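Thanks, everyone, for making the time this morning. I would like to walk you through one model, and I will ask you to keep the picture in view while I talk.

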Amino acid sequence: MLKVGITGGIGSGKTTVCKVFEVLGIPVFYADKAAKLIMHEDPLLRDEIKRSFGRESYLPSGELNRKHISAIVFNDNVQLAKLNAIVHPAVFRAFEVWAKAQQGALYVLKEAALLFESDSFKMCDRSVLVKSPEALKIDRIVDRDQTTAEEVKLRMKRQYSDEKKEKLADHIIINAEQTLLIPQILDLHKYFISISHDH
Ligand code: ATP
């Protein structure tokens, strides 16, 4: 099964692009959503998180205490790396199981905000970067999340720059106002189908 990783900075439109692939019949694994689900449901992972970040990592209701975890990892790269080292391998495993179950699909997509940062692109056969101008990304997220440009810029700093990601990506989709999005997606879709038999 051909596995395609897709990423892009905050507000680049990677989820929007994935929705179009889904309309074309391509199953999409949303790694960030899967991570949240696994942190909630996997008993071994819950124990590991509690051991590393304290019992208060989970609320009495059983929900993940996001505020607590965010406060620990937000400005501390060592703690963030520790969290990622616990969560990422579990997400990789979940993706492999999910991909095997997608019988009959022409290929599958894995959407991950940190595809390159987490090295998970190495487990994909192809990678796609969705790129947008910075000002447009900020405007979109301020609109979508009702937040401030400063807060968005802080979140952006925590990801690789587009320049760095571009060097690692096999394909680029430009999601800017002057370029048509759908034809770029259709071209890639045709290309992935054409190489899917070899995987
Ligand atoms: P995040 O990493 O924060 O989840 P993302 O890269 O997945 O962001 P989206 O959620 O797909 O980005 O897009 C951000 C916002 O911009 C959404 O509200 C989406 O509807 C809008 N948007 C993205 N691309 C376009 C486009 N080509 N035309 C109009 N709106 C768009």
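Let me begin with a question about two of the helices: at what angle do the axes of helix α4 and helix α5 cross, and within what distance do they come? Before I answer, please bear in mind that this is a predicted model. The axes of α4, which covers residues 66–73, and α5, which covers residues 77–101, come within 7 Å, and they cross at roughly 125°. Angles over 145 degrees would count as roughly antiparallel and those from 65 to 115 as roughly perpendicular, and α4 and α5 are therefore oblique to each other. On the α4 side the meeting residues are Ile69, Ile72 and Val73, and on the α5 side they are Gln79, Leu80 and Leu83. Sorted by class, the residues of this contact come to 5 nonpolar and 1 polar, with no charged residue.

Helix α5 also has helix α3, residues 43–53, as a partner, and here the axes come within 11 Å and cross at roughly 170°. That angle makes α3 roughly antiparallel to α5. From α3 the contact uses Leu45, Glu48, Ile49, Ser52 and Phe53, while α5 brings Gln79, Lys82, Leu83, Ile86, Val87 and Ala90. By class, this contact of α3 with α5 has 7 nonpolar, 2 polar and 2 charged residues. Two of the α5 residues, Gln79 and Leu83, are named in the contact with α3 and also in the contact with α4.

Let me now step back to the whole chain. The secondary structure comes to 9 helices and 5 strands, and from the N terminus on, the elements run β-α-β-α-α-α-α-β-β-α-α-α-β-α. The radius of gyration is 18 Å, close to the 16 Å that the globule rule gives for 199 residues, so the chain is as compact as a globular protein of that length. Along its principal axes the C-alpha trace spans about 50 × 40 × 30 Å, and buried residues make up 47% of the 199 residues. If we take the contacts between residues at least 6 apart in sequence, 71% of them join residues at least 24 apart.

How are the strands arranged? The 5 strands form an open sheet in the order β2-β3-β1-β4-β5, and the pairing is parallel. At the edges stand β2, residues 28–30, and β5, residues 171–174, each with a single partner strand, so one side of each is left without a neighbour in the sheet. On average, neighbouring strands of this sheet are turned by 25° against each other, direction ignored.

Within the sheet, β1 (residues 3–8) and β3 (residues 108–111) pair in the parallel sense over 4 bridges, and Ile6 has Glu111 in β3 as its bridge partner. Helix α1, residues 14–23, packs on the sheet, where it touches β1, β2, β3, β4 and β5, and its direction makes about 150° with that of β2. Helix α2, residues 31–41, also packs on the sheet, touching β2 and β3, and the direction of α2 makes about 55° with that of β2.

On the other flank of β3, the pairing with β2 is parallel too and runs over 3 bridges, with Lys110 in β3 as the bridge partner of Phe29. In a regular strand the side chains alternate between the two faces of the sheet. In β3 both faces are covered, with Val108 and Lys110 buried on one side and Leu109 and Glu111 buried on the other.

I will finish with two individual residues. Beyond its neighbours within four places in sequence, His189 is in contact with Phe21, Leu24, Ile26 and Tyr107.

Arg126, found in strand β4, has 23% relative accessibility and therefore counts as partly exposed. Not counting residues up to four places away in sequence, Arg126 touches Lys3, Val4, Gly5, Asp170, His171, Tyr191, Phe192 and Ile195. Arg126 and Leu168 are 42 residues apart in sequence, and their C-alpha atoms are 10 Å apart in space.

How values were computed
Residues are numbered from 1 along each chain as its sequence is written. This is a predicted model: local features need pLDDT of at least 70, side-chain atom pairs count only at pLDDT 80 or more; totals for chains, interfaces and linings use all residues. Side-chain values use heavy atoms; hydrogens and water are left out. Axes are lines fitted to C-alpha atoms, for helices over the stretch in contact, and angles run from 0 to 180 degrees between N-to-C directions. Angles under 35 degrees count as roughly parallel, over 145 as roughly antiparallel, 65 to 115 as roughly perpendicular and the rest as oblique. Contact means heavy atoms within 4.5 Å. Ala, Val, Leu, Ile, Met, Phe, Trp, Tyr, Cys and Pro count as nonpolar, Asp, Glu, Lys and Arg as charged, and the others, Gly among them, as polar. Two strands pair if DSSP finds at least two bridges between them. The radius of gyration is taken over C-alpha atoms; the globule rule is 2.2 Å times the number of residues to the power 0.38. Buried means under 20% relative accessible area, exposed over 50%, partly exposed in between (1.4 Å probe, protein chains only).
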